[in-house]
Amino acid sequence: MAKKIEREIVKASSAKKETEKEKAPVREKKQEVEKVEHKGDRPKRATGHRIAAIIFWLLAIAAEVAVIMLLNGYMYLPYDIKTLIIIGLVVDMVFVIVGSLFWKKANRINPPSEKNKVWFFLCSQMGLIVAIIAFVPLIVILLKDKSLDKKTKKIVSVIAAIALVIAGAASVDYNPASAEDLAEAKVEAAEMGYGDAVYWTQYGRSYHLDQDCHTLARSKVLYEGTMDEAFEAKRNDPCDYCADGGAVRSAAAGESGVLEEVVEEVVEDLEVVE
């Protein structure tokens, strides 16, 4: 019985020490904090990026149309047709990717609402949709074309498929944020008693509410800005420790409750032994 009591006390004590260790801020070096330049008028900036994206996407469609016209014999140029098709495919891909970068930046500056799920998906993945429009019809025409020799047809078809994959992969928004996510993050930060400033690292994906969060101990440079600026910098994932304080406190309270239960069991066992 005594050994069992001793094991339970040691186990509970270890759990408590581990919790305190996680909560304690650890700093190996003094960090340099760089404040992000505040840029207002977010809706206007987002609109400017969307316009730029649409312009580049229209240029991508124009490149696609030019290649289709070349295949159908509507354009006669003193160059090798294979070379022209490859150039057209590369130009098409570049314009799609650049347009998608502008569009994703606009979504980070002014995230779309998730109230309408269909619209949110279309707005978040518009770059991928444009990539499909800019390449799939062209690939179908290439495969059905009978004017090209088999070798040329095979080469340009493979290049077109590769360009589609690259453009699509670069255009997908793998972690889209919504207006509701941004609003919820602001409310949670306010409820937890933090100010307007949040922090993030150069390569991390999370935002932090506490500059002294122990997960930032090894980061030499921190960026400081508002929650809007953190989302714009693609840091829309809350830190599991300082930015999700409610859950951390609940976990700590749960472990503290376990310790109290163990102590109560020990006391009861001692009374029985006596």
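Is Lys105 buried, partly exposed or exposed? In this predicted model, local features require pLDDT of at least 70 and side-chain atom pairs pLDDT 80 or more, whereas totals for chains, interfaces and linings use all residues. Residues are numbered from 1 along each chain as its sequence is written, and side-chain values rest on heavy atoms, without hydrogens and water.

Lys105 is partly exposed, at 25% relative accessibility, where buried denotes under 20% relative accessible area, exposed over 50% and partly exposed the range in between (1.4 Å probe, protein chains only). Its side chain forms a salt bridge with Glu232 at 3.4 Å, N to O. Because Lys105 lies in helix α3 (residues 81-109) and Glu232 in helix α8 (residues 227-232), the pair ties together parts 127 residues apart in sequence; helices are DSSP runs of H or I with at least four residues, strands runs of E with at least two, both numbered from the N terminus. Glu232 is buried, with a relative accessible area of 11%. Arg42, Arg45, Lys105 and Glu232 are linked in a network of salt bridges.

Five salt bridges are counted, each defined as a side-chain nitrogen of Lys or Arg within 4 Å of a carboxyl oxygen of Asp or Glu. Among them, Asp228 and Lys186 meet at 3.0 Å, N to O. This pair links distant parts of the chain, with Asp228 in helix α8 and Lys186 in helix α7, 42 residues apart. Asp228 is buried at 18%, while Lys186 is partly exposed at 37%.

The structure holds zero disulfides, a disulfide being a pair of cysteine sulfur atoms within 2.5 Å. The sulfur of Cys213 lies 3.8 Å from the closest cysteine sulfur, in Cys239, too far for a bond.
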